[in-house]
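Please open the structure in a viewer and keep a selection panel at hand. The tour below moves from one selection to the next and states what is found at each stop.

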Amino acid sequence: MGGEMMEEEKEPEKEVNGSEIFKEFKEYSVVEFFKKNRQMLGFAGKVRSLTTIVHEYCTNALDATEEAHILPEIMVKVEELPDEHVKVTIQDNGPGIPPSHLGKAMGMMLAGTKFHRYMQQRGQQGIGGAGCTLFSQITTGKPTRMRSGLGDGKVYECDMKIDVKNNQPVITNQIEFMGNFRGLRVEAEFAEVKYDKSEHGVYEYLKRTAMANPHAQITLIEPTGEKHVFQRVSDRIPEKPAEIQPHPLGITTGDLVDMAHRTDSRKLSSFLTNTFSRMSSAKVEELAKLVPTVNFEKHPRDLKWPEAEAVVNSVKTLKWIAPPTDALRPIGSDQIDKALKNILAPEFVSVSERRPKVFRGGIPFMVEAAIAYGGNSGRARSDEGRGGDIIRYANRVPLMFDGGSCAITEAVKNIDWKRYDVRDFDKEPVTVFANFVSVHVPYTGTGKQAITMEEEIVGEIRYAIMEVARDMQVYLRGKVREMDKETKKKIIMRYVKELSADLADLAGTGAPADIEKKLVNMIETKYEKIEGEAEEAVEEVKEVEENEKEE
Amino acid sequence: MKKKSEKESSSEVLSKLEGLGKEMLEDIDVGEAPRFECPLRSRGNILYDENLGYIKLGEKRETRTFLNVGQAKKFMQTVAVASKCKKFLKEDSHTSIRGLFYQLKFSLGENVDEELFSEQSESNPLVEDLEVALDVKREDLNLNTDRKGVVAGNLVLKDKFGGVTDEIDCSKQGRSGWMIPSDVDNGMEFVSVDANYVIVVEKDALWQRLNEDKFWKKENCILITPKGQASRGCRRLIRKLADTKLPVYCFTDCDAWGWYIYWTIKTGSMNLAYLGSDIATPEAKFIGVTMRDIVDYDFLGKLTIKTKEVDLKRAEEMLTYPWITAHKEWVEELKTVIATKKKLEQDALQGPRLSFVGDYIREKLEKKKFLP
């Protein structure tokens, strides 16, 4: 047992007893499980389902190329077929999958390579390539066509289905031929999905993926035949994330049950010390004292959900040495800078540089924030203008849904944008970019589309964004200064009428019309007196922020 | 800044406002950009005056002119606020700064997509600018602040309000005491003050305890509670009582919030640095509760509670203020809190018996056990 499907089972509704699910699961057919848990697996809604499919394939491609140290080139093609079927073709230039493993990787649920390792990786999200194979099969009855090349002159192709009773790949129409193709190409047909260009759709997903992966070249061919190329702007392949043991503070009950059921260790105590970082036998003894009802000598497989829950709760009450921070893999400020300039062609970009922080008393995380102004920044609004846009990432995977309950959205909302000369965030061409980097991303739910609003997380994200917002303000103020005299005159003119009336009232003498005439005359003729200053006002903002911190 | 007279008559304030407008008109007449000058209120111009014993504004000033693109709107807004306050004074009507904001929230014209004010956060600082520029208080501009705080004791005041003059005897206010108004200057004067000292009690609950025990009668003192952080009116009243040569003693919790309340009463605050001389009472003394009380009163040792993060942070911060670290007693107190991570509430004094609170104050005063 184990694998990606099970992973989705972690953090189920609290009322469900975990061990029950595990027992019953064996008797479920995979299809049954899939159908019952579609939403949890990201297949809720037609648009979201398609985004999830593209996400699964893309993530696999990015992780595989990264591992093989190849600069990724990914092509995604979406076609609309009759009967509202949609065909998705995705091709990468990765290392390919040997034919002997292809069935396991794409035709067997719960057989991913990622789940058995613990590192800051894009994956561990949904259901993997096999899940897509299954989704295609249950919505259209058709197999998925695979092509794999290892770059050794031979290319392998086959049709793939899943024998849902036995969870085994069913491979047909295999051929092998000579060719230079290297990588993986998947062609699958789906129903109950829909292509559109909304902010939750495939186009937006790939654009955001490109923004966080400037080393990748991503091409999208839309159903209309329109082709979009998100150009590679960096030749630097991200460093491989270091594999580290999970830290006890980051563990959830679901994780613990799941890992306990997969371990080779024979005792619960040795399972704990072998699996988790900073978990010494002394710590296990401490834990054992806190939860006397749990037998730490028994086989980990016999760990029940309530017992795991008690262990997890007790873990939180103990003091732990913090996990190492060197496992964090940020995108890097120069990479983000390049990517945003490339995709958004903005007038201005600023990227934060902040040090790692910790949450929940010991889990390291880091926030990378950036702001882009002008050009194609922001989102298109119905009235043709552009409005503020928030693009969220966890470990450089775009978070496309559930924005309302995400710490990043909350942080943006908590900022007083007027301070940064953004009068109305929803009406300015601004893109706020935030990447939450951590080995443990505290998602709000199984959909893994939002980060929980914990105070220290929201606070750090907010400070990171404020840092870049300040730079943007200096830029915007500079723009005002650079404006030609005519524009400056126009701005001042707006205020003449009101000022004249109030001034006459205040002084108790003079006629408003008379004052107005003199002021207009002064503005028209005395060019040299008109000026504008930026720095002074920026200083003011910093001060307000300092005061705020003090409170 | 000169010491303000207790009562700035409304006609004086009116002529100050008109004078401001007239100067601007003169600038315009000679072809100069109209300007508004006032002392700078930002952090860089706030300092603690060791001799005077309170926080005040420095000498730096800022000038706003209408022909500066970055300042034009703010300049116009400043004049709008001044003009509106003049109207309130002429009509003899009062409102809050929120009321003022709503009076000024309107569009600048049909073809201008902009409002005079769209947020109260824009108008609030301009009111403060006017206060410093004209050397008047908000209340002098007919702008009320929130009332907070209660007083009882042998204090009689005259309150002229709405054309009627009432005499208020703070010794005859029963169980609830007299609520301190937002303005204790305009139309307000002491008739008689017959007390030995003033005691300021942080919490209303303790004030009620002492009132029920007839503490102020027995001790012949004036009993005040600011109910937490002291409002402008409450701080002004304490200052005015101190001006009648009464000693002022503060009695708060031994925690971050309590200390902050005490130091705000004593030295004023950064936000209201421009009012320093009017609302700070540097001669105030702190009678408790202190960490040393735990040594003197055994039972208190068992009644401490754990500090919160904010208490420790505030304590650390207070150790960076030179006006606090000048007193070794306070340094010791603060360091004890940081080291033991414990704090003490004034309510704990009711541990042995309810009326012990009064005995505690009496003993402290007799033995002159207070902190500077």
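Two strands are said to pair if DSSP finds at least two bridges between them. Helices (H or I, at least four residues) and strands (E, at least two) are DSSP runs, numbered from the N terminus. This is a predicted model, in which local features need pLDDT of at least 70, side-chain atom pairs count only at pLDDT 80 or more, and totals for chains, interfaces and linings use all residues. Residues are numbered from 1 along each chain as its sequence is written, chains are lettered from A and ligands numbered from 1 in the order in which they are written, and side-chain values use heavy atoms, without hydrogens and water.

**Stop 1: a sheet in chain B**

Select residues 155-161 of chain B, which form strand 8; this strand pairs with strand 9 of chain B in the antiparallel sense over 6 bridges. Within strand 9 of chain B, B:Val164 is the residue opposite B:Phe161.

Axes are lines fitted to C-alpha atoms, for helices over the stretch in contact, and angles run from 0 to 180 degrees between N-to-C directions.

**Stop 2: a hairpin in chain A**

Select residues 154-163 and 168-178 of chain A, strands 4 and 5, which pair in the antiparallel sense over 9 bridges. Here A:Asp159 faces A:Thr172 of strand 5 of chain A. The two strands form a hairpin with 4 residues between them, and A:Asn167 in the turn has a positive phi of about 50 degrees.

**Stop 3: two crossing helices**

Select helix 7 (residues 202-212) and helix 12 (residues 333-344) of chain A; their axes come within 7 Å and cross at roughly 145 degrees. Helix 7 of chain A contributes A:Lys207, A:Ala210 and A:Met211 to the contact, while helix 12 of chain A contributes A:Ala339, A:Leu340, A:Ile343 and A:Leu344.

**Stop 4: salt bridges**

A salt bridge is a side-chain nitrogen of Lys or Arg within 4 Å of a carboxyl oxygen of Asp or Glu. Buried means under 20% relative accessible area, exposed over 50%, and partly exposed in between (1.4 Å probe, protein chains only). The whole structure holds 64 salt bridges over all chains.

Select B:Lys343 and B:Asp255, whose side chains meet in a salt bridge (3.7 Å, N to O). B:Lys343 lies in strand 17 (residues 342-343) of chain B and B:Asp255 in the loop between strand 14 (248-251) and helix 8 (256-267) of chain B, so the pair ties together parts that are 88 residues apart in sequence. B:Lys343 is buried, at 9% relative accessible area, and B:Asp255 is buried, at 8%.

Finally, select A:Asp514 and A:Lys518, a salt bridge with its closest N and O atoms 3.7 Å apart.

Key:
Contact means heavy atoms within 4.5 Å.
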